[in-house]
Amino acid sequence: MPKPPVRILGLDPGLCHLGWGVVDWDSQRLSFVACGTIDTGAGEAMGQRLTALFEGLTEIVRAHAPDEAAIEETFVNTNARAALKLGQARGVALLVPARLGLSVAEYAPNSIKKTVTGAGHADKTQIRAMLRYLMPKAQPATPDAADALAVAICHAHHRRALAIRAALSAPA
């Protein structure tokens, strides 16, 4: 009897636009489930924006019932203020799935790009082209949703290595 597919939630954190994508992975095939973006208004207070991200992401996790989550690591930003704001949004993106009992893997942007396109410095156009090839039914409306699907795909392809690493580090 084949195992049921693993449902993976990919997250591309952002304060203005938090991208999310859900895929099913049966260790051989990827299947598109859903994707979108949670948007917050730049004129809103920080607390309201973080609350909107928290509530929106909680709703997505409950609606799609993923088994695991993956998030893009923050790249170093020269603007300290922007980096701090992104870090706060990223904290919410890490907290929600973890609080709802999901394991959360993290991947560097270059690792995600290399896994999806074969090139660690691929641009958004190349990522979208590979998404169309890998999951023709996926039609992400925003670059953030496309990036979140790329995170989910990256996690799907790294699951085996993660399982081996976990088995090796488990106490005997």
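Contact, in this talk, means heavy atoms within 4.5 Å. Keep that in mind for the one residue I will go through. The model is a predicted one.

I'll start with the whole chain. Its secondary structure comes to 5 helices and 5 strands. Going along the sequence, the order is β-β-β-α-β-α-β-α-α-α. The radius of gyration is 16 Å, close to the 16 Å that the globule rule gives for 172 residues, so the chain is as compact as a globular protein of that length. The C-alpha trace spans about 50 × 40 × 30 Å along its principal axes.

Of the 172 residues, 41% count as buried. Among contacts with a separation of 6 or more, 60% are between residues 24 or more positions apart. The chain exposes about 9,500 Å², and carbon and sulfur atoms supply 56% of that area. As for charge, there are 18 positive and 15 negative side chains, with the centres of the two sets 4 Å apart.

Now the residue. Asp147 sits in helix α5, which covers residues 143-169. Is Asp147 buried or exposed? It is buried, because its relative accessible area is 11%, and the cut-off for buried is under 20%. Leaving out residues up to four places away in sequence, Asp147 touches Asp12, Lys124 and Ile127.

Last, the cysteines. How many disulfides does the structure hold? The count is 0. For Cys16, the nearest cysteine sulfur is that of Cys35, 19 Å away. A disulfide would need the two sulfur atoms within 2.5 Å. Cys35 is in no disulfide either, and its nearest cysteine sulfur, that of Cys154, is 17 Å away. Cys16 is partly exposed, at a relative accessible area of 33%.

Methods. Residues numbered from 1 in each chain as written. Predicted model: local features only at pLDDT ≥ 70, side-chain atom pairs only at ≥ 80, totals over all residues. Heavy atoms only, no water. Buried < 20%, exposed > 50% of the residue type's maximum accessible area, 1.4 Å probe, protein only. Helix = DSSP H or I, 4+ residues; strand = E, 2+ residues; numbered from the N terminus. Rg over C-alpha atoms; globule rule 2.2 N^0.38 Å. Areas by Shrake-Rupley, 256 points an atom, 1.4 Å probe, with all protein chains shown as cover. Lys, Arg positive; Asp, Glu negative; His and termini not counted. Charge placed at Lys NZ, Arg CZ, Asp CG, Glu CD.
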